[in-house]
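Welcome, and thanks for opening the viewer. Keep the selection tool handy, and we will walk through the model one stop at a time.

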Amino acid sequence: MTDARARAKALSRIAAVQAQKRRLEEWKLADFHRRARAVAEAEAQTLAAMGEGSALHGLFVAQAAKRLDSLGRQRRSLEGAIERQGEAVRAEARREKAAEALLADAARRAEEERRRRADLEILEAMLARDAAEPGPL
C-alpha cells in the first residue's frame, strides 16, 4: 500500500471517529433538552397545584414554594449545561469538518499517485515493446 493510500485509509478512520464523537455530543445535548423539558413540566404542574383552591391548600404552600425553588435551580443549571454542551457539539463538528477536509485531500493525492503509477506502467510497457522490436536503422 502506498503512503498516500495508507494516509487516506487512516484519515478515513479518524473522520469516522470524529463523526461518532459529534453524534455522542449531540445525544448528550438532546438529553439535556429532555431533562429541561421535564423540569419545565414539573414547574408548570407545581404552579397549577398551587393555583387550585382546596381546604388543605394552605398547608402545602411552603412545600410547593421550596419545590419551585429547587426546580428553578435545576432549570438554571440545565440551561448552563445546554449552553456548554452546545459549544461542545459545535467544537466536535469543526473537528469533524477538518478531518473530512484532510481526508478529501489525502484521497485526491492517492488518486493522483494511482494515475501516475498507471501512466508509468503504460510508458514502461511501451518502452519494453520498443526495446524488444528491432527497429529500422
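**A tour in selections**

Begin by selecting Glu113: setting aside neighbours within four places in sequence, Glu113 is in contact with Thr2, Asp3 and Ala4. Please keep in mind along the way that this is a predicted model. Colour by helix and you will find Glu113 in α2. Is Glu113 buried or exposed? Its relative accessible area is 15%, and the cut-off for buried is under 20%, so Glu113 counts as buried.

Select residues 3–51 for α1 and 61–132 for α2. How are α1 and α2 arranged relative to each other? Their axes are 7 Å apart, and the helices pack at an angle of about 165°. Angles over 145 degrees count as roughly antiparallel, and therefore α1 and α2 are roughly antiparallel to each other. Where α1 passes α2, the crossing is left-handed. Colour the residues of this contact by type, and they divide into 29 nonpolar, eight polar and 17 charged.

Now move to Gln18, which sits in helix α1. Gln18 has 12% relative accessibility, so this residue counts as buried. Show what surrounds Gln18: leaving out residues up to four places away in sequence, Gln18 touches Glu92, Arg95, Glu96 and Ala99.

From there, go to the largest nonpolar core. Which residues make up this core? Select Leu29, Phe32, Val39, Ala42, Leu71, Leu78, Ala81, Ile82 and Val89, nine residues in total. The elements giving two or more residues to the core are α1 and α2, and α2 provides the largest share, with five residues. As background, nonpolar side chains in soluble globular proteins tend to be buried together.

Stay with the core and zoom in on one of its members, Leu71. What does Leu71 contact, apart from neighbours within four places in sequence? Look for Val39, Ala42, Glu43 and Thr46. Among these, Val39 and Ala42 are also listed in the largest nonpolar core.

The last stop is Leu120, back in helix α2. Is Leu120 buried or partly exposed? Its relative accessibility is 45%, so Leu120 counts as partly exposed. To finish, draw a line from the C-alpha atom of Leu120 to that of Asp105: these two residues are 15 residues apart along the chain, and their C-alpha atoms are separated by 23 Å.

Note on methods. Residues are numbered from 1 along each chain as its sequence is written. This is a predicted model: local features need pLDDT of at least 70, side-chain atom pairs count only at pLDDT 80 or more; totals for chains, interfaces and linings use all residues. Side-chain values use heavy atoms; hydrogens and water are left out. A nonpolar core is a set of buried Ala, Val, Leu, Ile, Met, Phe, Trp, Tyr and Cys residues joined through side-chain atoms within 4.5 Å. Buried means under 20% relative accessible area, exposed over 50%, partly exposed in between (1.4 Å probe, protein chains only). Helices (H or I, at least four residues) and strands (E, at least two) are DSSP runs, numbered from the N terminus. Contact means heavy atoms within 4.5 Å. Axes are lines fitted to C-alpha atoms, for helices over the stretch in contact, and angles run from 0 to 180 degrees between N-to-C directions. Angles under 35 degrees count as roughly parallel, over 145 as roughly antiparallel, 65 to 115 as roughly perpendicular and the rest as oblique. A crossing is left-handed if the near helix is turned anticlockwise from the far one by less than a right angle, and right-handed if clockwise. Ala, Val, Leu, Ile, Met, Phe, Trp, Tyr, Cys and Pro count as nonpolar, Asp, Glu, Lys and Arg as charged, and the others, Gly among them, as polar.
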